[in-house]
Amino acid sequence: MKSPEIVAEITKIAREYELEPAALLAICHVESGGKTFARVNGRLEPLIRFEGHYFDRRLTGNKRLRARREKLASPKAGAIANPRTQAGRWALLHRAEEIDRRAAHESVSWGLGQVMGAHWAWLGYGSVDDLVEEARSGLSGQVRLMARYIRKAGLEKAIRVQDWAEFARGYNGPAYRKYRYDTRIAAAYRRYDKMQYEAGGHVGQKALRRGSKGQAVADLQRQLSAIGYTLKVDGDFGPATETALKKFQRNNNFEPTGVSDENTLDAVGRSLPFSRGGNSLWEWLNAMLAGLLGRR
């Protein structure tokens, strides 16, 4: 996903869902293989995968018999092979639609996040057609569908603490190890995490956590000290900084992950005495000075 426009769009939606942009970018990259659309009959369409065993479960009687006869359904997972090309997969879907449109759409994993149409009610859509419309509406729709699934499945914590094995287990199922989803997401995350903020839309300031070092950590330590969580300002994100950050997160209704993502950093900034006016500028400067002296 080298396009700045794609990165910017995914970053925007990550912030809407309070996810670290680099993490959502990494997940999107692995799930889609870096591809976001396929051109089918002159139109840009989301990537799809048809699941014949899902289709089989949703049919009965003559419809099921017809689908099996036409090699569109099987009780066995993986028995109905997907064509290599997206054009071929969309053609397969159109054949299934002729038998039962709703069942066909429920039997497809849609878009960049490969979310099954069968989850439409669980995800809060009014119908499977609403889910499909979201997936076909553009990149934003695909990413929102994916983020919606992540939130509903309770996978946000795994993302925040970078437990990629736990995330992959919840998102991809128990076979995640076979396809190395966890290690691939971890590698992609490291790449996106290195991207520098650029005006016009790249990944924002990267998250700070145990082991982080440098000026950004020192700034965070000074800010936490100014708020009242006194720390030595040494630019080294160690146990004391993690403990202080967790206390701040708990006190401000955040999940106490000990990871300073963009939402936490924004909250820290809003909590600074200087941001609240009054006589606080002098107090804030005093706290900053105390933090600086703590280096000694």
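The chain holds 15 helices and five strands, where helices (H or I, at least four residues) and strands (E, at least two) are DSSP runs numbered from the N terminus. This is a predicted model, in which local features need pLDDT of at least 70 and side-chain atom pairs count only at pLDDT 80 or more, while totals for chains, interfaces and linings use all residues. Residues are numbered from 1 along each chain as its sequence is written, and side-chain values use heavy atoms, with hydrogens and water left out.

Of the 296 residues, 50% count as buried, that is, under 20% relative accessible area with a 1.4 Å probe, protein chains only. Contacts (heavy atoms within 4.5 Å) between residues at least 6 apart in sequence join, in 53% of cases, residues at least 24 apart.

Three of the strands form an open sheet in the order β3-β4-β5, with antiparallel pairing; two strands pair if DSSP finds at least two bridges between them. Because β3 (48–50) and β5 (115–116) stand at the edges with a single partner strand each, one side of each is left without a neighbour in the sheet. Three bridges connect β3 with β4 (residues 108–110), and arginine 49 stands opposite serine 109 in β4.

Tyrosine 171 belongs to helix α10 (residues 164–172). With a relative accessible area of 10%, tyrosine 171 is buried. Its side chain reaches the backbone oxygen of glycine 113 at 2.5 Å, although tyrosine 171 and glycine 113 are 58 residues apart in sequence; their C-alpha atoms are 9.6 Å apart. Not counting residues up to four places away in sequence, tyrosine 171 also touches residues including Val115, Met146 and Tyr149.

Arginine 209 lies in the loop between α11 (181–193) and α12 (215–227). Arginine 209 is likewise buried, at a relative accessible area of 17%. Its side chain makes a polar contact at 3.1 Å with the side chain of tyrosine 189; such a contact is a pair of N or O atoms within 3.5 Å, and within protein one must be able to donate a hydrogen and the other to accept it, with residues adjacent in sequence counting only if both atoms are side-chain atoms. Beyond neighbours within four places in sequence, the contacts of arginine 209 include Glu20, Asp193, Phe237 and Val259.

Glu20 and Val259 are also among the residues that line the largest cavity, together with Glu18, Leu19, Ile159, Arg160 and Asp261.

Note on methods:
On a 1 Å grid over the protein atoms alone, a cavity is a set of points where a 1.4 Å probe fits but cannot get out, and a pocket is an open set with protein on both sides within 12 Å along at least five of seven lines; lining residues have an atom within 4 Å of a point.
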